[in-house]
Amino acid sequence: VERTAFGVQQALSLRVTERYRPLVQRALAGDDTARGELLGSPSRHRLAIARLLIEPLIDDRDPERIARTRAIAQAMSMLQIADRYLRSWLWWRRALALRALGLAQARDHTLQLIAALDDPHPDVRAAALDGLADMHDLTALQAIIVRVHDISLHRGRRGAAIKSFGSECEPFLLEMSEVDSANRLNYIHALAICGT
């Protein structure tokens, strides 16, 4: 029964995805009719549409595409869904929301992503770090650098987050290496990743 239910759910999900994929592509290309159809879609299809909107941003970081995606997501109240997921007791929902907000560069949610760096679940902390790296909001830079020596965060992800800001990290890393001598070696390694 469980396998049958899962199969039916997968088939329905595939059908919804195939139905909305062309609409999403046209809406992102600037077609107002397609955008209107997306806005009029049933609420039960919003998560599938959100996936179609946001997943391509993993590979395509074109600022124009990000701005269009964010505008459509806001018009469809998807950011409210992300807010609800951020408060969920299910860790995978929190992680999904953090990654989506980062990819969509929803900078009004930067503080929630920073707060999620202290989440009790390691995958949620990793998603928050990935989201902050994708968001590239300079207001989050200090929070990321302060956690450069936090072993509860994945080492590669810490490096990727710092690298995403490039040489903008240098002044604060140098300042922290003077103030926090116990962790100076970590700040030097971070400078090797992003420094000029």
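Rolling a probe the size of a water molecule over the atoms shows where empty space is left. Before I go on, please keep in mind that this is a predicted model, in which local features need pLDDT of at least 70 and side-chain atom pairs count only at pLDDT 80 or more, while totals for chains, interfaces and linings use all residues. Residues are numbered from 1 along each chain as its sequence is written, and side-chain values use heavy atoms, with hydrogens and water left out.

The largest cavity has a volume of about 30 Å³, where a volume is the space filled by probe spheres set on the grid points, and those points are joined across faces, edges and corners. Its lining, meaning residues that have an atom within 4 Å of a point, consists of Leu 129, Ile 144, Arg 147, Val 148, Leu 153, Arg 158 and Ile 162. Sorted by class, that lining has five nonpolar, no polar and two charged residues; Ala, Val, Leu, Ile, Met, Phe, Trp, Tyr, Cys and Pro count as nonpolar, Asp, Glu, Lys and Arg as charged, and the others, Gly among them, as polar.

Let me turn to a pocket, which is an open set of points with protein on both sides within 12 Å along at least five of seven lines. The second largest pocket has a volume of about 200 Å³, and among the residues that line it are Val 148, Arg 158, Gly 159, Asn 186 and His 189. The elements that give two or more residues to this lining are H10 and helix H12 (184–194), helices being DSSP runs of H or I with at least four residues, numbered from the N terminus. By class, the lining of the second largest pocket divides into four nonpolar, three polar and two charged residues.

For Arg 157 and Asp 130, the closest N and O atoms are 2.9 Å apart. Here Arg 157 lies in helix H10 (residues 155–165) and Asp 130 in helix H8, so the pair ties together parts that are 27 residues apart in sequence. Arg 99, with a relative accessible area of 34%, is partly exposed, and Arg 157, at 28%, counts as partly exposed too; buried means under 20% relative accessible area, exposed over 50%, and partly exposed in between, with a 1.4 Å probe and protein chains only.

Finally, is Ala 95 buried or exposed? Ala 95, which has its place in helix H6, counts as buried because its relative accessibility is 3%. Leaving aside its neighbours within four places in sequence, Ala 95 is in contact (heavy atoms within 4.5 Å) with Asp 123, Val 124 and Ala 127.

Conventions
1 Å grid on protein atoms, 1.4 Å probe; cavity = no way out; pocket = protein on both sides within 12 Å on 5 of 7 lines; lining within 4 Å. Salt bridge = Lys/Arg side-chain N within 4 Å of Asp/Glu carboxyl O.
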